[in-house]
Amino acid sequence: MKKAFSWILLSVICISLSLASGDGEEELPPLPEEEETEDSGWVYGRIEYEHDLIAPNLYFLELLAHPGGQVPMIEGGYASTDVHVIVRLRGVDTARAMHDPTERHRPHLWRDRERERWNASMQYVWNLLEPTKTLRVHSMTVIEEDKVIEANIEFWLGGAWHNLAIAMLQDDFARPVQTDGTTWDPGSKTWGLENPENPR
């Protein structure tokens, strides 16, 4: 009994000494540094109404802006706010509505085909975005001459994020922007590259 009591007393003394030697807080291992990735600057976005689709690749969006989210011209500490901006989808060329008089200088058949493609594209984009209206907007750049923000956009559907530009390209509602400056002609029968003899 005396031996057991001695062991208990010795254990209590050791524990007391170990607690007294520190400041009472356990030292945590260092946290890994956050990797800089392409997605570091994305923010959540929302499209509220069908008529916030201005064109198949141009949208009036509400973005949840905060300093770490890299929305252009947003600065500060821990503030966050909703901002309403016009965002153009990066990387795709789409049909036009032909609402601008300068766009309508085309043969009737070409105009009709482009407007049909524009209408189908508008319906397609809204069908993708309307169920959740929830977006992730990445890599924003201000295009000064157009007064818009150009960005990559993902939409939330079926429990996963999907790239909107890729979806439009795969389903034949857009064409990839050409790096050499040539453009696509949505009024042509096959939606091929622009024919210089047929003004766009």
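Author: The model is a predicted one. Asp185 and Arg106 form a salt bridge in which the closest N and O atoms are 3.0 Å apart. Asp185 belongs to the segment after β9 (175-176) and Arg106 to the loop between β5 (92-93) and α2 (108-129), so this pair ties together parts that are 79 residues apart in sequence. Both Asp185 and Arg106 are buried.

This pair is one of 10 salt bridges in the structure. Another is formed by Arg88 and Glu150, with 3.8 Å between the closest N and O atoms. Arg88 sits in strand β4 (residues 81-89) and Glu150 in strand β7 (residues 148-157), so the contact links parts that are 62 residues apart in sequence. Arg88 has a relative accessibility of 21% and therefore counts as partly exposed, since buried means under 20%.

A further salt bridge joins the side chains of Arg175 and Asp172, at 2.5 Å from N to O. Its two residues fall into separate burial classes: Arg175 counts as buried at 13% relative accessibility, while Asp172 is partly exposed at 43%. Elsewhere, salt bridges that share partners connect Arg88, Arg90, Asp146 and Glu150 into one network.

Seven of the 10 residues of β7 are buried, so the strand is largely enclosed by the rest of the structure. Its pairing with other strands can be taken in turn.

With strand β6 (residues 134-143), β7 runs antiparallel, and the two are joined by seven bridges. Here Arg136 stands opposite Glu154 of β7. The hairpin of β6 and β7 has four residues between the strands, and in this hairpin Lys147 takes a positive phi near 60°.

With strand β8 (residues 160-163), β7 again runs antiparallel, through four bridges. Phe155 has His162 in β8 as its bridge partner. The hairpin of β7 and β8 has two residues between the strands, and Gly158 takes a positive phi near 65° there.

Technical notes
Residues numbered from 1 in each chain as written. Predicted model: local features only at pLDDT ≥ 70, side-chain atom pairs only at ≥ 80, totals over all residues. Heavy atoms only, no water. Salt bridge = Lys/Arg side-chain N within 4 Å of Asp/Glu carboxyl O. Buried < 20%, exposed > 50% of the residue type's maximum accessible area, 1.4 Å probe, protein only. Pairing = 2+ DSSP bridges.
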